[in-house]
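Please keep the sequence and the model in view while reading.

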Amino acid sequence: MTEKSLCRGCSDSVIVTEEVIEELVKETEEDLSVIVSDDVYEARLKICNSCSSLRYGTTCALSGSIVRYRAKFKNKACPLAGNPKWEKVN
Ligand code: SF4
């Protein structure tokens, strides 16, 4: 059912496998100075996982980013204009 509701033209390119996501997340850990603490990361993901803009369980419809990747970075914020659901970290 889920497959049928997707756009046929782009569904192959927007669905990202667990393996690819895990590889992306692992790459972020190569430079610990740019990533948030585990607590902040989990809090961000909890927000994303209950957000109506989350698509396929992986991707933010507003930024086009894989949330498990984007949420790792201190210098990233939720892209919701005017009222981001999570903020950058200094
Ligand atoms: S980054 Fe913001 S808008 Fe995107 S899924 Fe997460 S909470 Fe929602």
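A residue is called buried if 20 or more other C-beta atoms lie within 10 Å of its own, exposed if 12 or fewer do, and partly exposed in between, with C-beta atoms placed from the backbone.

## Basis and confidence

This is a predicted model, in which local features need a pLDDT of at least 70 and side-chain atom pairs count only at pLDDT 80 or more, whereas totals for chains, interfaces and linings use all residues. Residues are numbered from 1 along each chain as its sequence is written.

The predictor's confidence in each residue, pLDDT, runs from 0 to 100; its average over the protein is 89, and 84% of the residues score at least 70. Confidence is lowest in helix H1 (residues 11-14), with a mean of 60, and highest in H3, with 98. Over residues 1-6 the pLDDT stays under 50, and for this stretch the model has one contact beyond four places in sequence; two residues are in contact if their C-beta atoms, placed from the backbone, lie within 7 Å.

## Overall architecture

The protein has four helices and two strands, and from the N terminus on these elements follow the order α-α-α-β-β-α. Helices (H or I, at least four residues) and strands (E, at least two) are DSSP runs, numbered from the N terminus. Of the 90 residues, 14% count as buried. Among contacts with a separation of 6 or more, 46% come from residues 24 or more positions apart.

Glu27 is exposed because 11 other C-beta atoms lie within 10 Å, and Glu23 counts as exposed because it has 11 C-beta neighbours inside 10 Å.

## Helix H3 and Leu45

Leu45 lies in helix H3 (residues 38-49) and is partly exposed, because 15 other C-beta atoms are within 10 Å. Leaving aside residues up to four places away in sequence, Leu45 touches Val67, Arg68 and Ala71. The C-alpha atoms of Leu45 and Arg68 are separated by 6.8 Å, although these residues are 23 apart along the chain.

## The strands and the ligand shell

Tyr56 sits in the loop between strand E1 (54-55) and E2, where its phi is near 60 degrees, a positive value in a residue other than glycine. Tyr56 counts as partly exposed because it has 13 C-beta neighbours inside 10 Å.

Cys60 is placed in strand E2 (residues 59-60) and is partly exposed, because 19 other C-beta atoms lie within 10 Å. Not counting residues up to four places away in sequence, Cys60 touches Cys48, Ser53, Leu54, Ser65, Val67, Arg70 and Pro79. The C-alpha atoms of Cys60 and Cys78 are separated by 9.0 Å, with the two residues 18 apart along the chain.

Which residues are closest to the ligand? They are Cys48, Cys51, Cys60, Cys78 and Lys85, within a surrounding set of 13 residues, where a residue is near a molecule if its C-beta atom, placed from the backbone, lies within 6 Å of it. By class, this shell has ten nonpolar, two polar and one charged residues; Ala, Val, Leu, Ile, Met, Phe, Trp, Tyr, Cys and Pro count as nonpolar, Asp, Glu, Lys and Arg as charged, and the others, Gly among them, as polar.
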